[in-house]
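Here is a structure to walk through, part by part. Keep the model open while you read.

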Amino acid sequence: MTTIMDIIRLLTETPLIFVSIAGLTWGILGGALPGISASITMALVLPFTYTMDPAQAIALLACVYIGAEYGGSIPAILIRTPGTNSSAATVIDGYELNRQGRAGEALGISLMSGVIGSLFGLAMLIMLTEPLSWLALAFTPASYFGLGILGLSVIASMSGGSLIKGLAAATVGLMIATVGTDPISGVTRFTFDIPDLLGGVEPVLVMVGLFALTELMSQSGSTNTTQLNQKIKIKLPSLAVMNRLKRSQFIGCVLGLFEGLTPGGGGSIAAFMSYNEAKRWSKTPHLFGKGSEEGVAAPEAANNTVASTALIPLLSFGIPSSNSTAVLLGGLLMHGLIPGPRLFEQSAQVIDSIYVGSFIAIIAQIGVGIIILPACIWLVNRPRPYRAGFIFALILSGIFTLNNSLFDLGIALALGLVGFLMRIAGFPVLPMILGVVLGHMVESSYRRSLVLSGGDHMIFLQDPIAVALLSIALIFVVFSLSREVRDARKTRIEEARS
Amino acid sequence: MTFIKSIGQAVLGLATLAIVSGANAQAEPLPYPNKVVTLVTHSSPGGGSDVFLREMTKYLGRYIDATFIVENVQGGSGGKAMARVASGPADGSVFYATTPTYIYTSLMSKPQSTYKDMDPLVNIFADSEVIYTRTDGPYKSLKDVIEHAKKERGRWGAANPASLERQAAEQLKRAAGVTPAIVTHEGGGDMMLNVLNGTLDIGIGEIQELRSQLDAGKITLLATFNPERITEKPDVPTVKELGYDVSLVKFRGLAGPKGVPDATKAVWDEAIKNLLADPEYKKAYTAEVLVPQLIGEKDYPAFINNFATSTEEFLKSTGAIK
Amino acid sequence: MRKDLISGLVLLAGAGTYYAWAGEIADSTLSDEVGAAGLPHVLAIVLAILGILLMGRTLLASQARQVAAGADDDERDARLPRAVGFLLFGAAYVILLPFVGYVIGTALLIGGIALYEGAPRTWVVPVAAIGGGIFYWAVFVKLLGVHQPAGSLVQGLF
């Protein structure tokens, strides 16, 4: 059992505090570089942990994960480039705030929301691992299908004006997700015999292409220099602001908790859904998409919560629920540690140092953030010609590391063009990204369920979780559609009047 | 895909070698023409082949006089790593960690280089592919499972699509004359949840991925697809001895560019033989339930070709490839 | 409005192409009832319907009232060639990278984009470009230890 004495010993006898802060800083750096996902950041440091003490090695990896999940929000806010998949939802309002000259505030909100999410996730990990791990078991393929549809139902409210265009964008996203190896039969689809396509198109390529490259392209040649007037100071949210954000942060924490438990998502689904829920429950929903503080707080609380709660299925079942925890699993195995109920008894020291190390990292995140964020703001406020060149080079370097593939660069560039054309034609890009993120899960869980039931669709109505999730999805869609129709009618009346 | 895509390149420095060398120097390391040998894997750091190579290189320095570096070349489901090795120097300085994946990728797509562009060098291990169920479930033996599948619709899981596990499930299905639904997953962990919560009757996967729940007693092994019983689990019968003529070997070995000198190959044969007998290494790999399966450079090419031919036939018979 | 018509046509054409490609997916006996080509076929049909709806709505709307395209739209359209030009630097980078290597490739990209975006032609451009190339090389290759192409023409220099 962990005692206060154990914790004090871990803090003083070993340099766990240095390991944690080093891991966190490394994680923020990797997470902030576009294309270098949380899992790659962890994988890069993994070989070095091989010679370390097991408890510290695992704590280091856990801290890298926390840092990377947070770091992804920095470029999302500053250069419209999600550093990791799960920070894609932060782009929407974070970048908008930045354009309004409020980058310091947006970064402060994301920092503090991240800390709150991480602390909540850690508390769940320490106190409720056992009961929560059984929740993970309750998810059948039918439940996953329900979860995926619930995620897709967000599209209805993310289409920004034209539902037809939103649905078309989502369909194209789902089409991109079908590229690669078929999840059920294993035959190749749309790969044209190119080995690079066997594993499919990475969602991050789509995000970088549609968000970042499109933005760079449309800024090209513009003489707009408003961003140069920004204050480079980071502004932590005041208590009053925090109080205003607590509802959205709560939503993010709860959804992050669930996504961490369930294999497959890795934070992006929770981030998108909490963004949408925060909007639904907000007192100022009209601000969403136009620079809402809650629109930053909710997804950041969500993806930071995932960084801790994803350890619950990993440590209790040995099941990695995301790529990042798969690397952590590799780290455990390399040190001869087998995750599972017995790990908690046999290697209590490892567990303790994960807890203590994570806690140190979360608190240190505030300090590290305050130090590095002003520098980041300063960097992106250099004269536009240079800024454009450096961001472009950064994006291309980052996504090259994904698979060591020039082919990936080509895909990202092509998607940049697609995104620009979509912008001209008035198509929203968010539904497309959601389609890419969720397509695989929706299709494979749907087909897996039908294999199980022998083709009987009743299986989706026999699974209580699936029923619950699908009903919520249905309510969302009806609700969003009725709002859409109402708004459209309102504008038509206004147009007729004018 | 279960591969985590990321790239990592790491030098497993002399530090680790220094720790272990000397500790157990019963035999002089064999002289080797290269100072540095790069072992390439398509697996990401922390993935199956990566852990296997890094573990092995800790001890390999005792038997071959060289420094070993593990390089992760990811992407293209192994296509990149194969190209890297096939076009590398054939002087014994670069090898590829073979697993069934490289055969599947060669057959399923048209990578720049395939298994045919490399010379199999030596096989080292066979992973244990097993059939398992949840301990508190209704099935106590493989026979129960087959009986159930005869009466009702069985539900079997295979860890990955178009993989050795899937192939095993299909062959068992034919051998037993039953038609259960076979549900493929994306990795063994995903499938284990569905076995634990009773969605699936049985799962077919690697024993390494089950260890946590095996230790905790939540799942039970019903049979292994290995040709012989697993030394560590002597009471688990093989599928073959239960009367279904299916066995398979999920191999782990090394292959090099074409034209590695015979003398160099002979060094590896000798070294791997000694390595597998190393008491410390033996302790490490038996704990991981890796079954040593030494196939020397004389027989390994035939083994790989045999495996590739039967896999190709299987994939063609199902229509997955033409 | 013309834009929505073109978009609708593009969606239709895309749906057709995708449908045709989906026909080439191998039919495996390992597959389920839905099949590997099942979802792709549905998606293609959905996209085609959406394309037709978009065109139909546009035609109906344009009969009812003539909506003038906003000035903002025109400005954005005019930037298309410029934006494509920007992207071409990226394409050139992808093509050149295997030959000139990471440091030079990155320096050329930064310098090229800076000039394209109207940086004054002073000594700052080459300094920033080369400095940027070396800085990114230090971050990615040295600090993070990830692989970037060394370049076949300059191999051995770094």
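Predicted model: local features only at pLDDT ≥ 70, side-chain atom pairs only at ≥ 80, totals over all residues.

Residues are numbered from 1 along each chain as its sequence is written, chains are lettered from A and ligands numbered from 1 in the order in which they are written, and side-chain values use heavy atoms, with hydrogens and water left out.

Start with chain C and chain A. Their contact (heavy atoms within 4.5 Å) takes 68 residues from chain C and 62 residues from chain A. The size of an interface is often given as the accessible area lost when the parts come together. Here buried area means the accessible area, taken with a 1.4 Å probe, that two parts lose on being put together, summed over both. Chain C and chain A bury about 5500 Å² between them. Carbon and sulfur atoms hold 77% of that area.

Salt bridges also cross this interface. The rule asks for a side-chain nitrogen of Lys or Arg within 4 Å of a carboxyl oxygen of Asp or Glu. Three such bridges link chain C and chain A. Asp32(C) and Arg447(A) form a salt bridge through their side chains, at 2.8 Å from N to O.

Now turn to chain C and chain B. Seven residues of chain C touch nine residues of chain B. The buried area is about 720 Å², with 53% from carbon and sulfur atoms. On the chain C side, Ala26(C), Leu30(C) and His147(C) supply 60% of the area buried against chain B, more than any other three residues. The salt-bridge count between these two chains is zero.

Next come the domains, whose bounds come from an automatic or database domain assignment. Chain C has domain 1 (2-67) and domain 2 (77-144). Their C-alpha centres lie 38 Å apart. In chain B, domain 1 is made of 8-127 + 251-318, and domain 2 spans 129-224. The C-alpha centres of these chain B domains lie 29 Å apart.

How do the two domains of chain B meet? In chain B, 14 residues of domain 1 are in contact with 11 residues of domain 2. Together they bury about 990 Å², 57% of it on carbon and sulfur atoms. Tyr104(B), Asp127(B) and Phe314(B) supply 50% of the area that domain 1 of chain B buries against domain 2, more than any other three residues. Zero salt bridges are found across this domain interface.

Over all chains, the structure holds 31 salt bridges. One of them joins the side chains of Arg54(B) and Asp50(B), at 2.9 Å from N to O. Why are these two residues about one helical turn apart? Arg54(B) and Asp50(B) are separated by that distance because they sit four residues apart in helix H2 (residues 48-60) of chain B. Helices here are DSSP runs (H or I, at least four residues), numbered from the N terminus.

Last, look inside. A cavity is a set of points on a 1 Å grid over the protein atoms alone where a 1.4 Å probe fits but cannot get out; lining residues have an atom within 4 Å of a point. Four cavities of 30 Å³ or more turn up in the whole structure.

Conventions: 1 Å grid on protein atoms, 1.4 Å probe; cavity = no way out; pocket = protein on both sides within 12 Å on 5 of 7 lines; lining within 4 Å. Points joined across faces, edges and corners; volume = space filled by probe spheres on them.
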